[in-house]
Amino acid sequence: MSSKNTKTKKPVKQNISNSQNEAKPTPKWFYLIALLIPILFFILLELGLRIFSYGKDVPQWIQVDTEHYMLNPDIAYRYFYSTEGIPYSSNDIFNINKQPNTFRVFVMGASSAAGFPSAPAGTFPRYINKRLKLMYPDKNIEMINVSMAAINTYALRDMLPGIIEQKPDLILFYIGHNEYYGALGVGSMESLGAYRSVINLMLKLNNYKTIELIRNTIKYFVNLFSSPSKHTGTLMARMAKDQAIAYNSNVYKLGIAQYEGNMEDMLELLKENNIPTILGTLTCNLIDQKPFISGTEDPNANSYYAKGKKEFSDGNLELAKEYLNKAKDLDLLRFRAPSEINKIITKLSKKYNLPCVDIETEYNNLSKNGIAGDNVMTDHLHPTVSGYNYIGKLYFEEMVKNNLVPDNRTLNLTNNQQDSITIKKLKYSIVDSLITKYRITILKNDWPYVEKQTSLKERLRQFNLKNYIDSLALYVVDNKLSWEKAHRDAATWYLRKGEYDKFINEMDLLIDIYPQIKEYYQTAYSQLLVAKQFEKAYKYLYLDYNYRPNDFNSKWLGIIDLSNQKTNSSIKYLEKSLTFKSNDPQVLFNLAGAYLTAKNYTKALWAINNCVQINPSFPGAQSLQYQIKQLQK
């Protein structure tokens with residue numbers, strides 16, 4: 001190639017400035033602002049949501065009055081996000097400021113600890129409460145039951161820090177049957193996944209409105225693209241999402257790990273705070289509850305159940321119990337806790353050196369031939385009222401055995417005497433018996449007891465409603481009437497019929513369950529006084545007087561005592577009444593009579609003179625005045 005055709009390329013001009021070649025470094029404040037923007041956004045969002053009262057506030061405790069707390073009846077909203085007809089807590093109250101003479105016990109569990117189907121009248125915490133009050137009358141006993149249906153250890157773990165803040169003297173656990181299908185369980189309709197750490201973190205974040213907004217937004221969009229969920233049927237039927245959970249499957253193992261992990265967390269926290277604790281193993285219906293879902297493998301739950309029934313019939317009770325427990329463990333529908341749960345309870349009691357009531361063994365011993373069945377169970381795992389009382393007795397005896405009771409016992413009674421007196425003091429009415437009956441009727445007419453929920457007509461036939469009391473009980477079960485209102489209405493009905501003993505039983509039960517409502521005393525004695533049932537009214541007047549003496553209750557205590565020739569007591573109450581209302585002619589007339597009986601004629605004349613001066617026409621006053629004047633001559 002000729003050199004002529006060769007073109008010399010001009011060199012590209014280079015920028016010799018390094019400062020122009022290199023990009024400027026990003027200032028640190030830029031990264032700081034980038035980090036702060038989302039944080040500031042969520043802070044402002046949270047503040048805005050709080051200012052405009054977004055969502056539902058669910059504090060753990062609410063004030064009943066200026067002096068008392070109770071567990072928030074809506075606390076289940078922390079754990080149930082989509083389920084309708086959620087459970088409610090009991091209304092046990094306690095002092096906001098714990099008094100020096102108080103013995104405070106918290107009971108933590110699910111539906112069995114809550115007393116289904118006999119709550120609130122038939123629960124084992126109520127037995128313990130009544131027995132403590134019997135044996136330690138000088139103590140202020142506070143028994144607070146925070147148990148609810150369809151919850152499990154997630155809910156209890158969430159509530160425990162708030163319970164510890166209330167300075168409990170003792171905590172009783174009875175929990176484990178709901179670990180799979182209870183709220184947030186691995187097989188539940190109310191689930192946040194399978195990871196325990198994530199679920200517990202979400203529960204901690206529940207107090208933030210931003211989390212509630214995110215949760216509600218997700219729920220909204222999920223509902224847009226899914227078929228409507230089933231809202232009918234029992235809570236038990238609606239909570240079981242993953243119905244079949246095979247023994248030793250991954251989901252089964254997750255449920256076991258969930259239970260053990262949450263229990264360990266709680267027991268560690270209680271240990272750190274030096275709070276005495278008692279655990280209890282779980283009992284269920286073994287002999288009369290066949291497996292809900294057996295499975296097709298061989299051997300399966302049904303085959304073991306059949307073997308257990310045969311061995312039971314042949315009198316081989318230990319072998320029967322072994323087969324029946326195996327049938328329960330292989331039941332793919334895990335409404336009854338597998339045997340491994342009780343093994344964990346026993347293991348944890350040893351690890352943390354805690355008392356443990358062997359309810360499983362003791363409850364079987366209560367049953368015919370040593371295996372729990374329909375004679376002590378209302379369904380697959382909930383005890384009868386007498387069964388709940390027995391569980392309460394077992395816990396109380398464990399408390400005594402481990403010196404976890406007050407130290408000022410004043411009554412010298414044997415264990416059997418204590419038990420007998422306690423049971424007699426536990427009020428129960430026909431309304432409660434019917435509520436229990438109807439709840440079980442509804443439960444057993446729905447899945448999993450039957451494949452298809454029975455018709456309303458069929459259930460009404462089984463209810464066999466005959467009178468007003470039957471209707472009240474059904475309204476309670478159907479959530480159309482509160483338990484408290486049903487018993488008040490029943491009391492009024494009995495009063496109108498002149499059935500005073502039944503009226504008194506209803507009022508006694510209301511006072512026993514809700515002692516904080518002092519208006520019950522006034523309702524009872526005012527109605528009985530109108531009916532001229534003076535002797536029956538006396539105890540309510542006395543209760544009201546001890547709570548808040550006033551002119552009315554002290555007057556009537558004095559009048560009734562005078563009619564019963566209790567002169568000194570009569571004078572005490574009538575004089576007290578005058579300190580509240582000095583111009584009541586009825587009080588002065590009766591006081592004159594009391595002084596006259598005591599032969600204190602000077603005071604008798606003073607009282608009757610004042611009575612006549614206030615009301616000259618008061619019946620019998622002038623005649624009594626003349627009589628006293630004659631005696632003074």
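Q: Rings of Phe, Tyr and Trp (its six-membered ring) pair if their centres lie within 6.5 Å; planes under 30 degrees apart are stacked, over 60 edge-to-face, and the rest tilted. How many aromatic pairs does that rule give?

A: Bear in mind that this is a predicted model, where local features need pLDDT of at least 70 and side-chain atom pairs count only at pLDDT 80 or more, while totals for chains, interfaces and linings use all residues. Residues are numbered from 1 along each chain as its sequence is written, and side-chain values use heavy atoms, leaving out hydrogens and water. The rule gives 22 aromatic pairs.

Q: Let's take phenylalanine 292 and phenylalanine 335. What kind of pair are they?

A: They are edge-to-face, because the planes sit at 85 degrees with the ring centres 6.3 Å apart.

Q: And where do those two sit in the chain?

A: Phenylalanine 292 is in the loop between strand 7 (277–280) and helix 10 (301–313), and phenylalanine 335 is in the loop between helix 11 (317–330) and helix 12 (339–351), so the pair ties together parts 43 residues apart in sequence. Helices (H or I, at least four residues) and strands (E, at least two) are DSSP runs, numbered from the N terminus.

Q: Are they buried or exposed?

A: Both phenylalanine 292 and phenylalanine 335 are buried. Buried means under 20% relative accessible area, exposed means over 50%, and partly exposed is in between (1.4 Å probe, protein chains only).

Q: What about tyrosine 468 and tryptophan 493?

A: That pair is tilted, at 5.7 Å centre to centre with 40 degrees between the planes. Tyrosine 468 is in helix 18 (residues 468–477) and tryptophan 493 in helix 19 (residues 483–496), so to speak a link between distant parts of the chain, 25 residues apart. Tyrosine 468 is partly exposed, with a relative accessible area of 36%, and tryptophan 493 is partly exposed too, at 23%.

Q: Back to the Phe pair. Which residues make up the aromatic cluster?

A: One aromatic cluster is formed by Tyr181, Phe292, Phe335, Trp447 and Tyr449.

Q: New topic: which lysine lies over the face of tyrosine 77?

A: Lysine 56, at 4.7 Å from the ring centre. A charge sits over a ring if NZ of Lys or CZ of Arg is within 6 Å of the ring centre and within 35 degrees of the ring normal. Lysine 518 lies over the face of tyrosine 547, at 4.8 Å from that ring centre.

Q: How far does helix 11 reach?

A: Its 14 residues reach 20 Å from first C-alpha to last, close to the 20 Å expected at 1.5 Å a residue. The expected span is 1.5 Å times one less than the number of residues.

Q: Which of its residues are buried, and what covers them?

A: The buried residues of helix 11 are Ala320, Lys321, Leu324, Asn325, Ala327, Lys328, Asp329 and Leu330. Their cover includes helix 10, helix 12 and helix 13 (359–366).

Q: What does proline 299 contact, leaving aside neighbours within four places in sequence?

A: Tyr304 and Leu330, where contact means heavy atoms within 4.5 Å. Proline 299 and leucine 330 are 31 residues apart in sequence and 9.4 Å apart in space, C-alpha to C-alpha.

Q: Now strand 7. Which way do its residues point?

A: Thr277 and Leu279 point one way, Ile278 and Gly280 the other, and all are buried. In a regular strand, side chains alternate between the two faces of the sheet.

Q: What does strand 7 pair with?

A: Strand 6 (residues 170–174) pairs with strand 7 in the parallel sense over two bridges, with isoleucine 171 opposite threonine 277. Strand 8 (residues 356–357) also pairs with strand 7 in the parallel sense over two bridges, and there glycine 280 stands opposite valine 357. Two strands pair if DSSP finds at least two bridges between them.
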